[in-house]
Amino acid sequence: MAKILAKKDGIDVDRLSHEAKLKEKYKILADRELRSKGYKIYSTIDKKMYDTMQKVKDNFPYYGATFTKQVTDSETGKVTNVPDPVQVGSIVIENKTGKILSFVGGRDHKLEATNHATQAKRSNGSTMKPLLVYAPAIQYGVIGAGSPVADVKFSINGWSPSNYTETDERGLISAREALKDSQNLPAIRLYAQIINHRPAGLLRRNGFTSLDDSDYTNYATSIGALRNGVTIEENTNAYATFANGGKFVDAYMISKIVDSNGKTVYKHKVKSKTVYSKQTSYITTDMLRDVLKQGTGTTANSNLKFRADFAAKTGTSQEYKDVWLVGYNPDISLGVWMGYDQPKTLYQANGVYGQPSTRINLLWARLMNAVYDTNPKLATANGKTFTQPAGVVSQTFCGITGNALTNACSGNARTDLFNANVMLPGAETAFSGGGLSNAFKQKMLSPFGGDYSKLFGAKEKEKKEKEKEKEKEKEKQNNSRSNNTNANNSSNSNRPGNSNSSNNSNNSNQSNNNAGNSNNNSGNNNSNGSNNSNGSGNSNGSGNSDGNSNGSGNSNNSGGTGANGGNNNVNPKPEEDGQ
């Protein structure tokens, strides 16, 4: 309506997107017009779905602690204390049409009038990675789903980002693993290799309306450190692009407006534009399937009451000020966010509410179950699955170098998806003199550099651990055989020819064996301890805890992130950010 009124006044409607005061003026005029002139507004909202989602929102017990904040009355100047709860925003979008079928605007409209689904702008944490890093890198022919990426630390201009677990450096890992487990270091490194393509332009095509010039050049944008943030609607809408085979369809809530005379003064027209290729979209979707199967979204997946072909990504912003989960099937996309209006960490009272990443997993699953309860065909996409398009091929290659498999890479073969139109594993050139060339190592660590030895440190450690396990198993079997032998000797000890020294040897062996068993039991206890769930009872352990190092971003009052992780301006004190 604001655009209709502006057009009547001879105003170029594009100015409303760039001039805040002009936009605000016509929003006020539109509100008055709609309230006083007898218009009928037709919405895309499914009322039954909406009501069911509100019940889930109202009954969810794991948001987090409620604080109080001071509010000043603009007219009287009176200061009062009001509750400051963890807020929520969620939205359901029909992929092909862009219809907003349902949303959750907040905990209590009387307490806070902001529609957190459509208005609040926040850092999107690691939900940025598929949109800005992995899909563009696939699109540009830089990687396939299984291509090696470097999970190695670096420092640049005082900025030293890390993964969620600060000591975690896995060396050369697949892009699929890096995205599944939401590793920050490979994402930032990969983004730096493609930043000259200006992939942030794809975010604009994907409906991000508040991008700042710095977002195009800031390395930390790759892990969600946007200057102004993004709305839940925009972030979810961008994921629907993957479901649509790379076509962005702008989300909308008003289908038409009819005046008091029965004349239709507005009718929405569905328009689409290509952001990614079909091949890029499918490969990215296939990688995001793993997030729910074995990555940071397994708690959400295990709490669904039905099965469908879902792909998803979790995200956490600096200091746990925001947590996200955005997931989609072929028909609909559901995005969920939680955080405080005055940004503060959610990482408190975890013994009562569970880890923030667990909370968002549980809420996403319960809201998706609400969709299923009201429209099971939509929730399950009526049994449809994502279809692999022509040009996407599965190919075996060297998992270390990403090149064609040769004898030099024996024992390190990997098979995964590629877009044959833009990239296939090339001739092997990385091995030299029986080992990997310095040129290859420099390429994998560019442009930031890093410790060459860390490229393979994690794999060597894993290899040694496996060897240790084999040795333990051998020792256990030997001890078992020794016990059997000793038992026989003991039973025959009174026979002529058996000496006391044999019995002493048997006792010694038994003693050593018991000590070994005691150590093994201790190790098992420690292992089980690390997998204990969070307070909510549904955590998948520390391995699925959602957290990324989005350290360079600083969340401001509007919920956005003023990050300085770029080429020259970086934050010397990175914080952990969401996966």
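K344 lies over the face of Y340, with 4.5 Å to the ring centre. Here, a charge counts as sitting over a ring if NZ of Lys or CZ of Arg is within 6 Å of the ring centre and within 35 degrees of the ring normal. K256 is placed over the face of Y42, at 4.7 Å from the ring centre.

A word on the ground rules: the model is predicted, local features need pLDDT of at least 70, side-chain atom pairs count only at pLDDT 80 or more, and totals for chains, interfaces and linings use all residues. Residues are numbered from 1 along each chain as its sequence is written, and side-chain values use heavy atoms, with hydrogens and water left out.

### The chain as a whole

The protein chain has 16 helices and 18 strands; these are DSSP runs numbered from the N terminus, with helices (H or I) of at least four residues and strands (E) of at least two. Of its 579 residues, 50% count as buried. Buried means under 20% relative accessible area, exposed over 50%, and partly exposed in between, with a 1.4 Å probe and protein chains only. The chain exposes about 26600 Å², and carbon and sulfur atoms supply 44% of that area; accessible areas come from the Shrake-Rupley method with a 1.4 Å probe, and for residues only the protein chains shown count as cover. Among contacts in the protein chain with a separation of 6 or more, 72% come from residues 24 or more positions apart, where contact means heavy atoms within 4.5 Å.

### Aromatic pairs

A pair of aromatic rings is described by the distance of the centres and the angle of the planes. A search of the whole structure finds 17 aromatic pairs. Rings of Phe, Tyr and Trp (its six-membered ring) pair if their centres lie within 6.5 Å; planes under 30 degrees apart count as stacked, over 60 as edge-to-face and the rest as tilted. Two of the pairs are set out here.

| Pair | Centre to centre | Angle between planes | Class |
|---|---|---|---|
| F60 and Y62 | 5.7 Å | 85 degrees | edge-to-face |
| F310 and W364 | 5.6 Å | 80 degrees | edge-to-face |

Elsewhere, ring pairs link Y239, F242, Y276, Y328 and F386 into a cluster.

Although L417 and G146 are 271 residues apart in sequence, their C-alpha atoms are 6.9 Å apart in space. Leaving aside neighbours within four places in sequence, the contacts of L417 include G144, A145, R176, Y282, I283 and D286.

Helix α9 (residues 278-294) has 17 residues and reaches 25 Å from its first C-alpha to its last, close to the 24 Å expected at 1.5 Å a residue; the expected span is 1.5 Å times one less than the number of residues. This helix is mostly covered, with 14 of its 17 residues buried.

### The disulfide

The structure holds one disulfide, meaning a pair of cysteine sulfur atoms within 2.5 Å. C398 and C409 form it, with their sulfur atoms 2.1 Å apart. The link of C398 and C409 is right-handed, with 80 degrees about the S-S bond. Because C398 lies in strand β15 (residues 392-398) and C409 in the loop between β15 and β16, the pair ties together parts that are 11 residues apart in sequence. C398 and C409 are both buried.

### Backbone features

Most residues other than glycine have a negative phi, and most peptide bonds are trans. A cis peptide bond joins S446 and P447, with omega about 0 degrees; P447 lies in the loop between α14 (438-445) and α15 (454-491).

S182 has a positive phi, near 55 degrees, and lies in the loop between α5 (175-180) and α6 (184-194). S182 is buried, at 1% relative accessible area. A381 has a positive phi near 55 degrees and lies in the loop between α13 (376-379) and β15. A381 is buried, with a relative accessible area of 0%.
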